[in-house]
Each structure stands twice: as C-alpha cells, then as structure tokens.
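Take a walk along this chain with the model open.

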Amino acid sequence: MRLPDELDTLREAAPAGFAARVLDRVGVPAHRYDCYVRADSPVGPLYVAHGRGAVTGAAATDWYADDRAFEDAYRARTRRSALSGVKPPPGLARALRGRDRTLRYEFGPLADEQRAVLLATRAVPFGQLRPAAWLAREAGLPGLAPETVLAAVRANPVPVLVPAHRLCTDDGLPADCGLPPDFERRLREWEGVDAERVERFVRAGARFLGSGTTRIFCYPTCAHARRITARHEVPFTSADEASAAGFRGCLSCRPAVV
C-alpha cells in the first residue's frame with residue numbers, strides 16, 4: 001500500500017543495529033545474515049561487513065550512493081544479506097591502523113587460488129611492495145601466472161584490510177590493484193611508501209638493493225633497504241646478479257627466488 005505523500009515525508013532511517021535487534025528478538029539466528037558497520041580509517045570512512053566470525057567485505061562509503069546501495073552490492077556478490085550493525089568485529093580498529101593480527105577473512109565465491117593469493121598479501125609488511133611472483137610463491141603457487149595473481153588482487157572484496165595495494169609490477173612500480181587510483185595513492189602515502197624513491201630505482205633499472213656493508217640485498221621498499229645509506233647502496237637488476245656479486249637475500253623480504 002502506498003503511503004499518502006504527507007505521511008511519506010515522515011519516514012526516518014532506522015537506527016544502526018535496529019534490523020539485527022528485530023531479527024534477534026524474533027529468533028532468527030545470527031549465522032543467517034551478516035552485519036556491517038561504518039568505521040573510520042586513515043583513508044576515509046569504510047563499510048566493513050562481517051559475520052560468522054570473519055570479515056566478509058569492505059568498501060569506502062563514498063563508492064556507494066547510500067547504505068542501501070552498499071547492501072544491494074553486497075547481496076549480489078555474496079548472496080547473503082548485510083544488516084546495519086553497531087558492534088565492529090574484534091580487532092578491527094587495530095587492523096585499520098595497519099596492525100592486523102587477529103582478524104579472519106571470508107572472501108565469498110572466489111577460486112581457491114584467488115583466496116590463497118589474497119591471504120598471501122597479508123604477509124607483505126606495512127609500507128612495502130612486492131611483485132606478483134613473490135605473492136605467488138608466498139601463496140604456495142610458484143607457477144601462477146602474473147596476470148592470474150593480478151586478477152586475484154583485483155577481486156579482493158576486503159580492500160584496505162587485505163592490503164592488495166602493496167602489489168607492484170616486476171620493475172617495482174605500484175601495480176593497479178583495481179581500486180580508484182586516488183584511493184590507492186592515498187593508501188600507499190599513508191603507509192609511507194616513498195613514491196619518488198621507488199621511481200628513482202625503477203628509472204635506474206634497480207629491482208633489488210644491496211648493502212655494501214652487510215652484503216645483503218632486498219626489495220627497495222624493505223625496511224632494511226630503507227636504512228642503507230646512499231653511499232652504501234648497491235643496485236641490482238636481478239637476484240641472480242646480486243648472488244653472483246656475493247650478496248645474499250634478505251631473510252625479511254625474501255627476494256632470493258624471484
């Protein structure tokens with residue numbers, strides 16, 4: 001039944017958590033649906049969906065016209081409903097500060113290899129970049145084609161929290177991970193990725209950076225590489241070249257097999 005126009009103007013949005021409380025009151029178990037919250041992040045407010053003990057989705061709120069649009073997109077992707085909630089999953093605030101240690105993730109209907117790649121991205125440290133071959137190896141799929149890795153990264157339903165923005169091309173430039181370019185740039189800036197420094201090494205053809213004092217080589221964004229003083233920097237175009245020069249791979253960023 002259509003409401004008279006005068007009454008229709010009195011509509012108000014339900015408060016956050018209202019629908020979940022109603023379902024709880026009538027006995028619908030929580031595992032039958034997911035919830036989402038709005039959460040502040042260093043790159044702006046996010047929708048963060050969760051359910052069954054796992055984070056199931058994330059998106060910038062300004063990617064959608066309103067909450068209903070996000071709910072519709074979530075249902076289309078997962079075939080589950082997401083209701084506005086008030087309680088974030090434990091560990092979310094810490095994860096949004098770049099220290100995700102406890103969250104579990106459910107990626108929805110993705111192929112096993114895509115799930116493996118996305119889980120491997122969590123091993124890329126805050127503020128660092130890794131190429132597709134590194135992610136494939138960390139995922140236990142060393143033969144995976146770079147374009148398959150890139151497709152998995154672009155299918156990431158939990159951006160920001162699962163840091164697919166830390167993927168780089170083989171030459172070291174940040175890769176297009178499927179997010180709006182300005183959003184990706186702000187994520188990397190927030191993490192302290194020095195774009196000018198990265199581009200300087202790319203222009204020089206340096207995929208790896210060695211220390212003339214320790215005889216260890218790293219990816220240029222590795223925390224250890226960033227501590228090498230300019231006069232001790234030894235650039236390499238390949239891991240083989242570094243090994244032939246008597247350098248060993250960093251145990252932290254593990255570049256040796258790429």
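Patches consist of residues with over 30% relative accessible area and no salt bridge; like charges are joined within 9 Å, nonpolar side chains (Val, Leu, Ile, Met, Phe, Trp, Tyr) within 5 Å. A salt bridge puts a side-chain nitrogen of Lys or Arg within 4 Å of a carboxyl oxygen of Asp or Glu. Areas use the Shrake-Rupley method with a 1.4 Å probe, and for residues only the protein chains shown count as cover.

This is a predicted model: local features need pLDDT of at least 70, side-chain atom pairs pLDDT 80 or more, while totals for chains, interfaces and linings use all residues. Numbering runs from 1 along each chain as its sequence is written, and side-chain values use heavy atoms, without hydrogens and water.

Phe18, Val22 and Val26 make a nonpolar surface patch of about 260 Å² accessible area together. Val22 sits in helix 2 (residues 18-25); helices (H or I, at least four residues) and strands (E, at least two) are DSSP runs numbered from the N terminus.

Finally, Arg215 lies in the loop between strand 7 (208-211) and strand 8 (216-218). Arg215 has a positive phi of about 65°, although not a glycine.
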